Amino acid sequence: MTSIPAYAVEYKAIDIPGADQPAVIKIRNDFLKPSGVKKLMDILDNAESYRLYVHKKLTAKNMPSSLEYLPVVESDYNPSAKSKDGNGVGMWQFMPNSTDPFLVRNEWVDERLDPWRSTDAALSKLSDNYHVFNDWLLAVAAYNCGAGAMVRALKNVPEKTFWYLAENNLLPDHTIRYVPKLLAIADIVQNSAYYGIELPAAVRDEENPLTAHCGEFDYITVKVMISLTQLAGELRIDEMMLEKLNPALLRGVTPPDGSYSIRLPSGMQTTAEHALTQIKTYKTLNVHTIIKGNTLWSLSRTYGITVEDICTVNAISPKTTLEIGKILYIPVKSSDN
């Protein structure tokens, strides 16, 4: 077995064992090439704020710090990433059938796109896996292939370890590659000085986050439908920033049914609560199927609302050509407006 090269800086074993496995060494050597180092540097640099949140949550839950690099494997830490088949979405690549009971997903909201809520969900799922398999390598592998598949793979085998399953091809190929890639990346980043490279860090030497208040926000809960565009305008803050804080809202508006917590920059709750009294809200929706002759202007007259109202709820432009058979949601003004 190839040994880890000896540099002047002391090597510290990562908190999930296996960095000395041949499969991990091969991937690590590839990442230690100049192109691999640059790729890691770009990913980690762009992901700084999300990494800090993940690190903070892992520490609070007493989970392995190496899991901070699982989103690198999953999505390059991209909160809007989509898998090639379109099923895996977000920083943690939740599949449609893996969101319950962790995340909300409907025609208005997809919390897979929310890096903070999806982080909480992913760590809960990983923790659940660990309590089932009592082994972090198996827990991580099960996150990739599914807990059910892992249970089947472990049935009637003499060694209930990830390495035994991998060496005997008892797991899907993508899972066999998945775990070593995590270990290789975690090892490189956490021992970057040992390997003679410099990578962005999420913690200081004393293990305190670089940004102590990372991931701390204010929230307001609404029970009516409001537009982020309207809220940003009333708060006089950048609309794109508010959208970035609330990426789960697929249409830029809160859902018409139930309550929803809007994420805000820290310190803005009181101002936002006042703003809610000043902006137009909607209490429910009508569903309208476009027929020949419908225009946004005619629909606004029919339903007694503005073209802007329709466009806001349906995330379309006033210049949009309406296609026959297309569904539009027509907002009904709140009685408070």
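Trainee: Leaving aside neighbours within four places in sequence, what is Ser118 in contact with?
Mentor: Ser118 is in contact with Trp92, Phe94, Leu103, Glu111 and Arg112, once neighbours within four places in sequence are left out. Keep in mind that this is a predicted model.

Trainee: Where does Ser118 sit?
Mentor: Ser118 is in helix 5.

Trainee: And is Ser118 buried or exposed?
Mentor: Buried. The relative accessible area of Ser118 is 0%, and the cut-off for buried is under 20%.

Trainee: Staying with helix 5, at what angle do helix 5 and helix 6 cross?
Mentor: Roughly 130 degrees. Helix 5 covers residues 115–133 and helix 6 covers residues 136–145. Their axes come within 8 Å.

Trainee: What do you call that arrangement of helix 5 and helix 6?
Mentor: Oblique. Angles over 145 degrees would count as roughly antiparallel, and 65 to 115 as roughly perpendicular.

Trainee: Is the crossing of helix 5 and helix 6 left-handed or right-handed?
Mentor: The crossing of helix 5 and helix 6 is right-handed.

Trainee: Which residues meet there, between helix 5 and helix 6?
Mentor: Helix 5 brings Ala122, Lys125, Leu126, Ser127, Asn129, Tyr130 and Phe133. Helix 6 brings Trp136, Leu138, Ala139, Val140, Ala142 and Tyr143. In the contact of helix 5 with helix 6, ten residues are nonpolar, two are polar and one is charged.

Trainee: Now helix 1 and helix 9. How far apart are their axes, and at what angle do they pack?
Mentor: The axes of helix 1 and helix 9 are 8 Å apart, and the angle is about 55 degrees. Helix 1 runs over residues 22–31, helix 9 over residues 173–190. Helix 1 and helix 9 are therefore oblique to each other. Their crossing is right-handed.

Trainee: Which residues meet between helix 1 and helix 9?
Mentor: From helix 1, Ala23, Val24, Ile27, Arg28 and Phe31. From helix 9, Arg177, Pro180, Lys181, Leu183, Ala184, Ile185, Asp187 and Ile188. That contact of helix 1 with helix 9 has nine nonpolar residues, no polar ones and four charged ones.

Trainee: Are Cys145 and Cys311 buried or exposed?
Mentor: Cys145 is buried, at 18% relative accessible area. Cys311 is buried too, at 7%.

Trainee: What about Asp76, what is its phi?
Mentor: Positive, about 60 degrees, although Asp76 is not a glycine. Asp76 is in the loop between helix 4 and helix 5. Asp76 counts as partly exposed, at 38% relative accessibility.

Trainee: And phi of Arg236?
Mentor: Near 60 degrees, a positive value in a residue other than glycine. Arg236 lies in the loop between helix 10 (228–235) and helix 11 (239–245). At 78% relative accessibility, Arg236 counts as exposed.

Trainee: One more loop. Where does Gly325 lie?
Mentor: In the loop between helix 14 (307–314) and strand 4 (327–333). Gly325 counts as partly exposed, with 44% relative accessibility.

Trainee: What does Gly325 touch, not counting residues up to four places away in sequence?
Mentor: Gly325 touches Thr289 and Ile290. Gly325 and His288 are 37 residues apart in sequence, and 9.3 Å apart in space, C-alpha to C-alpha.

Trainee: Zoom out for me. How many helices and strands are in the protein chain?
Mentor: The protein chain has 14 helices and four strands. Its C-alpha trace spans about 75 × 45 × 35 Å along the principal axes.

Trainee: How much of the protein chain counts as buried?
Mentor: 48% of its 337 residues. As for contacts in the protein chain with a separation of 6 or more, 66% are between residues 24 or more positions apart.

Note on methods:
Residues are numbered from 1 along each chain as its sequence is written. This is a predicted model: local features need pLDDT of at least 70, side-chain atom pairs count only at pLDDT 80 or more; totals for chains, interfaces and linings use all residues. Side-chain values use heavy atoms; hydrogens and water are left out. Axes are lines fitted to C-alpha atoms, for helices over the stretch in contact, and angles run from 0 to 180 degrees between N-to-C directions. Helices (H or I, at least four residues) and strands (E, at least two) are DSSP runs, numbered from the N terminus. Angles under 35 degrees count as roughly parallel, over 145 as roughly antiparallel, 65 to 115 as roughly perpendicular and the rest as oblique. A crossing is left-handed if the near helix is turned anticlockwise from the far one by less than a right angle, and right-handed if clockwise. Contact means heavy atoms within 4.5 Å. Ala, Val, Leu, Ile, Met, Phe, Trp, Tyr, Cys and Pro count as nonpolar, Asp, Glu, Lys and Arg as charged, and the others, Gly among them, as polar. Buried means under 20% relative accessible area, exposed over 50%, partly exposed in between (1.4 Å probe, protein chains only).
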